[in-house]
Amino acid sequence: KFKSDTRFPDWMAGEWQVRAIIDEVNLPLGPKYKPREPTVCSGKNQLWSPFGPCFLPAAVQEEEGREVYYRYRWDQDIRGVHRDHPFNFVQLVGAYGDGYHPQDVEYDYSIKTLTGRLMSPGSERNETDTSVAIRKIRGFGTERCSTCSTFVCWDMYDSIVLSDDTGERKTRRFEIITSFHIVESTASDDEGEFGDTIEALQRVALYLGPSDEWYEETKGFAVVLIDFKLLLRRVLQSEVFV
């Protein structure tokens with residue numbers, strides 16, 4: 001059973017070390033509709049991704065099998081368990097960003113929007129090329145259950161990318177569906193924590209936006225499907241560096 005908005009089960013709270021493998025990439029409408037950002041990406045003919053510009057190369061199908069590592073965090077407070085959006089965005093940029101450095105990353109819970117700026121490789125400090133805003137449209141998650149070992153969530157976002165140099169603005173939509181499953185739970189250290197291990201399958205669907213040349217022809221269908229295999233290992237308190 002799915003519930004509106006995305007709130008995660010208690011067993012997902014904390015910080016996790018993630019190994020992500022790009023398992024499969026599909027262009028369901030063909031390569032003609034592959035989203036590209038030659039201007040926003042400082043002249044590079046690369047593929048847009050939900051994490052910002054230039055984070056996957058144009059020959060994205062050659063990326064199948066690529067393995068990256070990053071950390072991901074779910075916070076727990078009176079609202080329940082939810083993503084630490086600024087922390088996670090910085091980590092994803094580090095994993096997929098090909099040298100881009102995020103700055104001034106913030107999340108506004110009232111409008112469910114993450115904002116930040118990206119400094120391109122080789123830029124001087126405080127010199128940024130691109131502004132990014134990622135706004136959550138809607139999300140659903142299965143019923144939270146402290147005794148359940150599986151959780152599935154689906155989220156839809158709009159990503160707005162603005163080139164500081166040219167003023168070019170791109171708005172695109174993407175969806176992410178992820179199935180998490182606990183596969184291991186063992187006592188870990190003297191603090192009595194648990195070193196949980198989670199396996200997850202994730203699909204990211206990318207859509208063209210109104211400013212794209214072929215937007216009308218796609219009729220609202222996804223132009224890129226990217227499947228990931230994820231392995232998450234809880235970061236123990238003794239491993240967290242303040």
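**View 1. Arginine 73 meets the ring of phenylalanine 87.** The charged end of arginine 73 sits over this ring, 3.6 Å from its centre. A charge sits over a ring if NZ of Lys or CZ of Arg is within 6 Å of the ring centre and within 35 degrees of the ring normal. The model is predicted: local features need pLDDT of at least 70, side-chain atom pairs count only at pLDDT 80 or more, and totals for chains, interfaces and linings use all residues. Residues are numbered from 1 along each chain as its sequence is written, and side-chain values use heavy atoms, with hydrogens and water left out.

**View 2. Phenylalanine 8 pairs with phenylalanine 151.** The whole structure holds 8 aromatic pairs (Phe, Tyr or Trp rings, the six-membered one for Trp, with centres within 6.5 Å; planes under 30 degrees apart are stacked, over 60 edge-to-face, the rest tilted). Here the centres are 5.3 Å apart and the planes stand at 50 degrees, so the pair is tilted. Phenylalanine 8 and phenylalanine 151 are 143 residues apart.

**View 3. Tyrosine 33 pairs with tryptophan 214.** Their ring centres lie 6.3 Å apart with planes at 85 degrees, so the pair is edge-to-face. The two residues are 181 residues apart. Tyrosine 33 is buried at 13% relative accessibility, whereas tryptophan 214 is partly exposed at 28%. Lysine 32 lies over the face of tryptophan 214, 4.1 Å from the ring centre.

**View 4. Five rings form one aromatic cluster.** The members are Phe8, Tyr72, Trp74, Phe151 and Phe180.

Terms used
Helix = DSSP H or I, 4+ residues; strand = E, 2+ residues; numbered from the N terminus. Buried < 20%, exposed > 50% of the residue type's maximum accessible area, 1.4 Å probe, protein only.
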